[in-house]
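Open the model in your viewer and keep the selection tool at hand. The tour goes stop by stop.

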Amino acid sequence: MAYLTLNGINKIYPNGFHAVHDFNLEIEKGEFIVFVGSSGCGKSTTLRMIAGLEDISKGELLINGVRANDIGPREREVAMVFQSYALYPQMTVYDNLAFGLQLQGVDEDEIEVKVQRVAKILGLTDYLDRMPRALSGGQRQRVAVGRAIIRRVGIFLMDEPLSNLDAKQRVTMRAEIAQIHRETGATTIYVTHDQTEAMTLADRIVVMKEGYIQQVGTPYELYFQPANLFVAGFIGEPPMNFIRATVSGGSIRINGRPYDLRGKLGEKAADYEGKDIYFGFRPEAVVLGKQPGAYVMDAKVELTEMLGDNTNVYVDIGDVNAILKVNPHDAPEMDADISFSIPVESTYLFDAETEMVI
């Protein structure tokens with residue numbers, strides 16, 4: 001039996017807005033699960049239903065096999081880290097970490113041991129006597145995380161905990177959260193709109209759109225085996241390129257050049273005759289120049305972005321724009337006419353009507 005089970009979870013607000021639709025997921029003990037999606041997709045609402053901060057309109061939540069729909073937040077044995085640090089400004093770091101244990105009536109000697117242990121894990125030992133206002137944003141977030149993990153609950157819930165940090169602090173805190181998870185072994189559910197956080201932290205990712213689950217899988221599965229157009233475009237930076245085309249005679253035409261899809265579509269080629277599809281490829285899958293056995297496209301360079309280890313090249317393919325990710329030493333000049341190749345095995349096809357992968 002899964003440690004945490006969500007069966008047909010729905011959230012419908014009094015005004016009729018349906019925020020979460022038929023959410024089904026089984027989470028094993030010790031897993032690190034990330035909910036990811038655009039703002040308003042229902043990921044934070046789902047997290048709050050797990051925490052007991054939002055009522056479940058329909059469906060069933062099981063925690064370790066026990067129905068939890070009507071159990072209060074404190075009795076669910078979950079700890080939550082919010083987007084805002086939510087620290088007590090009048091308390092020192094030590095007192096912020098100890099406060100929850102004091103409310104539980106834990107002995108002061110035991111509190112001392114636990115605070116010191118968590119402070120060591122998070123690198124806060126030298127800051128225990130400081131007030132929150134004397135800390136950096138990253139240090140405050142570490143205190144917020146510490147306040148959650150010190151309780152040693154079974155489930156950690158994190159709602160965009162890094163969104164208020166700068167880019168360097170986010171990278172550091174990502175590594176620390178991953179390390180904390182390895183050390184505690186707690187089941188963790190993490191909400192973010194940042195797909196980089198999702199890819200680097202998760203055992204499995206739940207991609208959501210408009211209240212619906214689009215796909216659940218490992219970072220590898222979502223990146224290389226996307227279920228639909230939304231997942232393919234959401235996961236990856238820069239995002240996957242899409243070109244809309246019509247199948248004719250087992251081929252499509254892009255910028256006047258025919259591309260035989262029968263090797264890609266197999267027996268499905270006849271089913272898509274005369275239908276529209278999306279032809280997709282990732283920016284880093286391309287090779288500059290013409291490669292035998294690959295799909296070759298001609299394009300005009302519109303813009304280049306030098307990013308250090310790679311260069312993003314924005315190109316115009318007839319009436320379609322695309323992004324190529326290339327070695328900076330090979331980057332073409334602005335306004336240059338170029339050809340690039342896409343290995344057939346690196347291309348994706350999506351049904352234009354259903355947007356599902358073919």
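Buried means under 20% relative accessible area and exposed means over 50%, with partly exposed in between (1.4 Å probe, protein chains only). Helices (H or I, at least four residues) and strands (E, at least two) are DSSP runs, numbered from the N terminus. This is a predicted model: local features need pLDDT of at least 70, side-chain atom pairs count only at pLDDT 80 or more, and totals for chains, interfaces and linings use all residues. Residues are numbered from 1 along each chain as its sequence is written, and side-chain values use heavy atoms, with hydrogens and water left out.

**Stop 1: helix H5**

Select residues 167-184, which form helix H5. Now colour its buried residues: Met-173, Arg-174, Ile-177, Ala-178, Ile-180 and His-181. Look down the axis of H5: these residues fall within an arc of 160 degrees (taken from the directions from the axis to the C-beta atoms), so they line one face of the helix. Turn to the other side of H5, where Lys-168 and Arg-182 are exposed.

What do the buried residues of H5 pack against? Show strands E3 (32-36), E7 (155-159) and E8 (187-192), then helices H3 (108-122), H4 (137-149) and H6 (195-201). Contact here means heavy atoms within 4.5 Å.

Next, check the ends. Asp-166 caps the N-terminal end of H5, with a side-chain oxygen 3.2 Å from the backbone nitrogen of Lys-168. Just after H5, Gly-185 has a positive phi of about 70 degrees.

**Stop 2**

A second, separate core of 29 residues includes Ile-254, Val-315, Val-320 and Leu-324. A nonpolar core is a set of buried Ala, Val, Leu, Ile, Met, Phe, Trp, Tyr and Cys residues joined through side-chain atoms within 4.5 Å. The largest one has 49 residues, and Ile-177 is among those with the most contacts inside it, along with Val-115, Val-145 and Tyr-190.

**Stop 3: the open sheet**

Five strands form an open sheet in the order E15-E19-E16-E17-E18, with antiparallel pairing. Strands E15 (287-288) and E18 (320-326) are the edges, each pairing on one side only. Two strands pair if DSSP finds at least two bridges between them.

**Stop 4: strand E20**

Select residues 347-351. Five of the five residues of strand E20 are buried, so the strand is largely enclosed by the rest of the structure. Finish at Tyr-278, which stands opposite Phe-350 in E20.

Definitions and conventions
The expected span of a helix is 1.5 Å times one less than its number of residues. A polar contact is a pair of N or O atoms within 3.5 Å; within protein, one must be able to donate a hydrogen and the other to accept it, and residues adjacent in sequence count only if both atoms are side-chain atoms.
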